[in-house]
Amino acid sequence: MECFENTESSDDTKAARAKRGFDLFMVEVALLLPFATVKTLAAKFNFSPKETDDVERSPNCGYAFVTLLREKGIINPVDISLLLEALKAIDRLGVSNDVKECFRKNVPNYPTPSDLSRGLSARVELFRKEIKIRYRDLCSAVKPIPYDRDGLMCVDKVFVDSGIEFLTQGLWERLDSYHCILTDPRLKSKRYIMFGESGYGKSIFALQLAFDWYSRSPASPLKDLEILIFLPLREVRGFKSIFTAIKSFLLPQECQLSTEDIKDILCRSESVAFVFDGFNEYLQMSDDDDITHIISGRMFNDFFVILTTRPQCKPFNLTSTVQLRLPGFNLNAQEKYTRKVFGYDTNATESIRSLFEGNPALRDLCEVPLFFVLFSHLTHEKKGSKGFASVTKMFKYMITCFHERMKNKLRDSTMTPMDANKEGNHHKLDKVAFKSCKRKKKSVEWLKDEFRNMIGSDLYKQYIEAGILIEEEKTIIKDEPGTSNLIQRKEQVRFFHEVFCDWYAANYISSYAEKRLPFKFQNLLKKLDPFESQYVFRFVCGINPNAAPTIIKYLRKVEGGDKFAILCILEQTGDIDKIKGSIQQLCGDGVLISGHDSLLLQRSSMQLLKIAAEHAIPIEYVELYNCIHYVESSDQTKAVIWTTSGLALSSQFPVKRLRVSFFDKELTENEALSILDYCSKCPSLLVTWFNGSVPPQSFKVEQILLRLKSKNVTVKYSGVFVESCKYILNLTTGRWEKGESREECTDEDFQKMRSDWNEVKDVTDETHMENVKKRVASLREGAGSTLDEV
């Protein structure tokens with residue numbers, strides 16, 4: 001270990017002795033470095049052509065080289081680790097050992113093993129101090145509105161504890177607080193993965209954990225943790241060593257702690273947590289990558305690991321990993337945020353709340369935290385706003401606000417009116433964004449100079465000023481053999497959020513729809529993964545409604561694409577008659593709401609049913625698959641099914657056939673009766689099925705069954721895998737009968753039902769879902785069964 005805390009006093013005599021010793025070390029090291037090694041190291045350390053030429057022309061190139069290393073701060077009297085690492089990287093291990101021994105011999109107070117042990121606590125404190133300063137800077141730089149550079153806020157002022165959920169026995173249960181992740185006995189683990197759709201606040205959550213640790217928040221279980229390592233994974237791509245990644249991202253350039261110090265500190269610490277943010281932006285997974293090993297539990301398996309990612313992008317091995325998810329902003333969370341941020345302005349809180357009350361579509365959209373935060377701040381800034389019926393309209397409004405803000409800054413800047421009037425002339429930016437989205441793993445950052453050359457300097461300047469693009473400088477220290485430079489500083493540019501990248505990519509695709517180039521348009525769609533680029537598809541439909549039918553037709557051919565077709569339908573604007581056909585087609589074919597779908601897709605399915613009901617579009621068939629949490633009955637005419645995701649499905653929507661499937665738990669008598677109560681209050685219902693778990697053998701004849709009978713509703717149980725009707729409930733006797741003979745089911749029949757259920761209840765969810773897909777597909781293709789038989 002070549003970096004240490006000098007435990008002796010720093011009087012003039014000792015300082016002079018250290019200087020003489022280091023001077024002697026430089027002379028001896030110069031003799032150990034032949035010309036070829038010096039030339040290779042000069043390239044490794046990224047010397048300029050002039051510096052390299054001066055060294056090579058020197059009568060003593062070795063000494064000229066080490067002198068320049070000292071001037072650049074690469075070596076100093078207490079740290080030569082970068083030189084040693086560079087020598088190892090170019091396969092000069094013998095020279096590295098000689099240099100190390102030379103340093104030990106000449107420099108006073110070079111640490112012995114006992115010295116290192118005594119100095120460990122000092123190095124730990126230095127490490128903790130430096131990363132706390134880094135976390136303080138990161139947590140204090142949250143920008144609710146990207147263009148408002150004066151509106152930086154601390155993460156603790158914008159984070160809302162909206163009720164994180166965890167997966168248990170196939171159901172999502174809500175935690176009282178995010179603090180419970182590490183304290184709830186049901187979540188006892190060392191590894192956690194937090195799922196959240198794009199814009200749901202994964203990075204804010206990760207930053208809040210860093211804030212809790214460095215500020216020693218009294219309510220947080222992290223306050224007593226020795227060390228917390230927070231790393232945004234997109235910032236440390238390319239690092240194979242976790243210690244080099246930590247040094248590069250968390251420690252200042254002048255910090256004298258080496259990667260070996262960091263390794264020693266972590267290995268000797270008893271309580272450490274890694275918070276890795278954005279696994280979906282991490283482009284590497286390999287056997288020689290430390291972060292991969294940590295995530296999979298093959299390295300530091302006694303440390304806590306909290307990983308954030310999108311639902312579609314997860315590590316392969318989730319053994320012993322607690323699965324969590326961010327549910328979004330419900331009305332309660334939205335109110336918490338407005339009071340927390342605008343608490344001094346009660347009018348702002350009230351105006352935002354009243355705007356949502358008058359616009360249900362906007363309220364649904366703003367359950368995505370990113371949209372709510374942007375919209376609420378824009379509404380507060382502009383002192384008034386308007387309703388939006390789609391994500392596209394809302395996002396277009398936000399983009400317009402950014403550019404209007406630019407125009408208002410003209411008086412106090414060097415920009416010209418021409419600079420601020422290029423909102424519509426961004427085709428080059430659109431093309432770059434599209435190329436990013438079509439990658440297997442989307443990346444929304446580029447090298448600054450390359451990106452500026454691609455879109456042009458004027459456009460680049462405008463979008464930087466607007467806050468849509470963000471400039472960052474990254475210091476990269478590479479420790480892999482064969483790399484040309486050990487230290488690199490790169491200026492990069494990225495979109496404020498990946499949804500902005502999706503917006504401009506959608507503009508690029510939409511331009512080909514406008515040009516009436518159907519082949520080119522469809523070819524562009526095929527280059528995108530709908531599951532990774534859902535907002536691109538949605539935005540295209542909103543920007544150019546004429547392109548929506550083609551997109552919807554394309555998505556319905558993709559496995560699982562029906563849900564995305566729903567999202568795209570909701571983006572179309574204008575007269576309801578223009579999209580009525582698309583809604584009618586999807587609702588007519590059947591709507592599946594699965595508890596294993598993302599929250600966003602479940603909500604969109606609910607919204608589709610709501611629109612269909614409002615415009616008298618018939619809904620033939622709905623299946624609720626492993627998603628019913630409980631039923632709430634308000635009176636004799638209304639009831640609500642609450643899903644495991646916290647969404648509500650009113651009994652007032654006009655469905656004709658309803659199937660409820662339970663493959664994740666046993667169905668109790670009270671649960672079955674509450675579902676029948678719900679069905680008795682559906683005005684258009686003709687048939688309801690139970691599927692999977694065996695229902696109660698009989699029901700007491702009461703008001704619920706009498707209501708079903710008076711409305712001529714048929715209640716069926718279709719068994720486990722058998723898709724035709726097997727049993728029918730006699731609403732007069734409350735007992736089940738065989739479908740064909742109408743003979744009353746015996747105890748032996750129910751024993752057979754339960755036997756069938758026991759054989760398949762542990763079968764994987766994927767198997768059950770295949771049957772569900774076939775069932776819905778039979779409706780769409782007109783093959784096999786009719787609706788009455790399904």
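Visitor: Is Asp-184 buried or exposed?
Guide: The model is a predicted one. Asp-184 lies in the loop between β2 (171–174) and β3 (191–195). A residue counts as buried under 20% relative accessible area. The relative accessible area of Asp-184 is 13%, so Asp-184 is buried.

Visitor: With which side chain does the side chain of Asp-184 make a polar contact?
Guide: A polar contact requires a pair of N or O atoms within 3.5 Å. At 2.8 Å, the side chain of Asp-184 has such a partner in the side chain of Arg-186.

Visitor: How are helices α2 and α5 oriented to each other?
Guide: The axes of α2 (residues 35–44) and α5 (residues 81–89) come within 11 Å and cross at roughly 110°. Angles of 65 to 115 degrees count as roughly perpendicular. The crossing of α2 past α5 is right-handed. The two helices are therefore roughly perpendicular to each other.

Visitor: How do the residues of the contact of α2 with α5 divide into nonpolar, polar and charged?
Guide: From α2, Thr-37, Leu-41 and Lys-44 take part, and they meet Leu-83, Ala-86, Leu-87 and Ala-89 of α5. The division of these contact residues is 5 nonpolar, 1 polar and 1 charged.

Visitor: Which residue just after α20 takes a positive phi?
Guide: Helix α20 covers residues 457–466, and its buried residues include Leu-459, Tyr-460, Ile-464 and Ala-466. Just after this helix, a positive phi of about 90° is found at Gly-467.

How values were computed
Residues numbered from 1 in each chain as written. Predicted model: local features only at pLDDT ≥ 70, side-chain atom pairs only at ≥ 80, totals over all residues. Heavy atoms only, no water. Helix = DSSP H or I, 4+ residues; strand = E, 2+ residues; numbered from the N terminus. Buried < 20%, exposed > 50% of the residue type's maximum accessible area, 1.4 Å probe, protein only. Polar contact = N/O pair within 3.5 Å; in protein donor to acceptor, adjacent residues only side chain to side chain. Axes fitted to C-alpha atoms, helices over the stretch in contact; angles between N-to-C directions. Parallel < 35°, antiparallel > 145°, perpendicular 65-115°, else oblique. Left-handed = near helix turned anticlockwise from the far one by under 90°. Contact = heavy atoms within 4.5 Å. Nonpolar A, V, L, I, M, F, W, Y, C, P; charged D, E, K, R; others polar.
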